[in-house]
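Work through the exercises below with the model open. Try each task before reading its solution.

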Amino acid sequence: MSWIKSFKTLYQLVFERRRVEKELDAEVGGYFEILVERYMEQGMSREEAQRTARIKFDGPEQVKQQVREARMGAVIEATLKDVRFALRMLRKNLGFTAVAIFSLAIGLGATSGIYSIADALLLRPLPVPNASGVIALSSVTDQLLPGLNAISYPDYVDLREHNRTLRG
Amino acid sequence: MAKQAELLQGTLDLLILRTLELQPLHGVGISDRLEQVTRGVFVVGPGSLFPALHRLAAQGWIEGQWTELENKRRIKVYGLTASGRARLAAEKRNWQKIFTAMNRVLAEES
């Protein structure tokens with residue numbers, strides 16, 4: 001519908017203010033210029049013609065201000081209309097709304113859950129004193145299952161009892 | 001100049017759209033045309049014309065185009081868009097409805 005258009009207007013309102021202002025100035029200025037020329041054709045001097053145009057209609061500055069307000073009003077109105085439309089549609093399709101909210105909730109929950117785990121495991125130091133001194137021990141064997149390099153509990157006890165290199 | 005009538009709220013859009021249906025025009029052209037066709041009953045000053053034009057443009061019903069005249073003056077000429085045409089048709093129907101209803105009320109015998 002007209003949302004592309006109102007997005008464009010909003011974009012111009014925010015990012016192209018100067019260009020829009022310049023165009024508006026040229027447009028309204030051109031209008032008054034034509035009026036002034038008409039009065040001058042009726043035999044008025046330039047100043048007289050300008051004054052007459054200003055008296056008959058609002059001055060260019062007021063006109064421009066009114067245009068600015070109208071543009072802003074159109075954007076706000078269009079946005080409100082879109083929001084109302086969206087809410088109405090959501091209420092009309094309760095099933096869809098439920099699915100959408102549910103998926104969003106699951107998605108957000110899963111993402112923040114995974115991130116919390118990654119944060120605790122990878123990003124933060126281990127929750128022990130002198131975390132940078134903690135090392136991982138593994139055993140190397142030349143046989144049996146490759147990749148299985150865990151240390152058995154007796155080995156662990158042995159290491160703990162006879163350790164002179166490491167603390168703890 | 002004949003007596004001016006007050007513009008009904010909301011009719012300015014219809015007047016502008018209808019005027020641009022015949023041919024694209026710039027601001028002064030629209031004012032002139034309206035004044036001419038209504039024999040001076042509707043005088044649309046820039047203070048109401050330009051806000052209306054920009055509002056209609058923001059809705060996408062009309063589109064402004066900068067054009068250069070022979071005397072090197074640049075003017076912004078407005079033309080009706082496709083959605084503007086549809087809007088005009090809807091507004092015309094609406095106006096007919098109001099017009100008929102109004103006349104019925106006024107013509108009612110007491």
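**Exercise 1.** Find the partner of B:Asp32 in a salt bridge, and say which elements are joined.

Solution. A salt bridge requires a side-chain nitrogen of Lys or Arg within 4 Å of a carboxyl oxygen of Asp or Glu. The side chain of B:Asp32 meets that of A:Arg38, at 2.5 Å from N to O. This pair crosses between chains, from helix 2 of chain B to helix 2 of chain A; helices are DSSP runs of H or I with at least four residues, numbered from the N terminus. Next, check accessibility: buried means under 20% relative accessible area, exposed over 50%, partly exposed in between (1.4 Å probe, protein chains only). B:Asp32 is partly exposed at 24%, and A:Arg38 is partly exposed at 33%.

The model is predicted: local features need pLDDT of at least 70, side-chain atom pairs count only at pLDDT 80 or more, and totals for chains, interfaces and linings use all residues. Residues are numbered from 1 along each chain as its sequence is written, chains are lettered from A and ligands numbered from 1 in the order in which they are written, and side-chain values use heavy atoms, without hydrogens and water.

**Exercise 2.** Is B:Asp13, which pairs with B:Arg55, buried or exposed?

Solution. The N to O distance in this salt bridge is 3.2 Å. The pair links helix 1 and helix 3 of chain B, 42 residues apart. B:Asp13 is buried at 12% relative accessibility, whereas B:Arg55 is partly exposed at 28%.

Note on methods
Helices (H or I, at least four residues) and strands (E, at least two) are DSSP runs, numbered from the N terminus.
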